[in-house]
Amino acid sequence: MSFHTLAPITPVLAHMGEGGGSFVSGLSHPIGGLDHMLAMVAVGLWGAQLGKPAIWVLPISFPLVMAFGGALGLLGVPLPGVEAGIALSAVVLGLMVLIEAEPPLAVALTVAGFFALFHGHAHGVELPEGQSGVLYSIGFVIATGLLHGAGIGIGVLHRWKAGRRGLRAAGGIVLLGGLYFLAQTCGLKV
Amino acid sequence: MTLNRSPWRAYYCMGLAILSAILAPATASAHLVSSGAGPFYDGVAHFFLSPEDLILAFSLALFGGLRGRRAAKALVLALPSAWFGGCAAGLYFSSPSPPDALLFAGIILAGLLAAINPKLPAAFPALLAVILGICHGFANGRAMAATHTPLLAGAGIVAALALWVLWTAALTVTRRKPWQRIAARVLGSWAAAIGLLAIAWQLRPGS
């Protein structure tokens, strides 16, 4: 394939390795923290439980709101209680999956979007210097989307009775994880 | 049609193209890549190694493809033509390139339109493609102005762009299953999110 051959024949530029490095850095950032991962997967699980149209509206809207939060972080706009918000997102989203909550779509979107802001802001603030912004952003958004996709993929289990129980149990695990991180954020020893 | 029979192969090739662009050691869209294979192929390489150009064309093609066959056909003709016009203008006028933030704003707009998929006239994607194509083409033209055979390199860029847009739009138009159209819209939202982060990166304090 010609694209394969095109890629390695460009050794002439000054920033060797920066492109791939930024992309991999962006790709690994959302999966670097367990609190982030739990919430992202929970969004997918909840979307799968809610069914259409939430199963696709949530994955469309979440990255956008998260990117907005990331933009606020990059621009230096402060957002109070970011770490607590991230931990709380795992608690709330885990709870939603555990009790198989079925609120109206607008409410589900508001809940997910509200927490997406915190996740995005944290990533925006932590974005390392000296990286390529575009490539970092590509990696970051792809990783987030793939985590949602993983949640939705696991959510296929919702078709079966035992699978529904399994999903609720997964929600319970996310909830417990969220509580652990929330306790850590509040300075409690767990 | 081959595209209908082997969609996965086409998706695989598209994924490879994007991944090659991302992982390649090139960064500078401001300078023409030297492929060693002549100016035309320098232009081809430049397009495929410029993520912002690739993503803009990708989101516009998604939008056009989602709006139907007529919209996609118009877009496939309009975008490369406008891009080439912009390239030529960039070569002959010495005014500065449009700011990167403006180029990223175009990606946000195209990505959002693909994600929302609003019921707009079939000519709208082509109209948007003309405006954004001229801006990106102009930036490419300014970057090529210092080279010896800029028109040939410009032709390479536009040929690569035309293939990329044709491929993406054809894949989108021919996908009929609901989940496939939803996947196209999800990709549009990803493009908009990338544009949003990239624009904030450009505008961040101290940049």
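Trainee: Which residues touch the most other members of the largest nonpolar core?

Mentor: Keep in mind that this is a predicted model. The core has 126 residues, and A:Ala42, A:Leu93, B:Leu60 and B:Leu75 touch the most other members. Its largest share, 14 residues, comes from helix α9 (residues 178–203) of chain B.

Trainee: OK, and what does A:Leu93 touch?

Mentor: Leaving out residues up to four places away in sequence, A:Leu93 touches A:Ala39, A:Ala42, A:Val43, A:Trp46, A:Phe115 and A:Val174.

Trainee: Which residues of α8(A) are buried?

Mentor: A:Val174 is one of them, and the others are A:Leu167, A:Ala170, A:Gly171, A:Leu175, A:Gly177, A:Gly178, A:Phe181 and A:Leu182. Their cover includes α3 (34–50), α5 (82–98) and α7 (133–154) of chain A.

Trainee: How far apart are the end C-alpha atoms of α8(A)?

Mentor: They are 36 Å apart, which agrees with the 36 Å that 25 residues should span at 1.5 Å a residue. After the helix comes A:Gly187, with a positive phi near 85 degrees.

Trainee: Switching to chain B: at what angle do α7(B) and α8(B) pack?

Mentor: About 145 degrees, with the axes 10 Å apart. The crossing is right-handed.

Trainee: And which residues make the contact?

Mentor: From α7(B) you have B:Asn140, B:Gly141 and B:Met144, and from α8(B) there are B:Pro150, B:Ala153, B:Gly154 and B:Ile157. By class, this contact has 4 nonpolar and 3 polar residues, with no charged ones.

Methods. Residues numbered from 1 in each chain as written. Chains lettered and ligands numbered in written order. Predicted model: local features only at pLDDT ≥ 70, side-chain atom pairs only at ≥ 80, totals over all residues. Helix = DSSP H or I, 4+ residues; strand = E, 2+ residues; numbered from the N terminus. Expected span 1.5 Å × (residues − 1). Buried ≥ 20, exposed ≤ 12 C-beta atoms within 10 Å, placed from the backbone. Contact = placed C-beta atoms within 7 Å. Core = buried A, V, L, I, M, F, W, Y, C linked by C-beta atoms within 7 Å. Axes fitted to C-alpha atoms, helices over the stretch in contact; angles between N-to-C directions. Left-handed = near helix turned anticlockwise from the far one by under 90°. Nonpolar A, V, L, I, M, F, W, Y, C, P; charged D, E, K, R; others polar.
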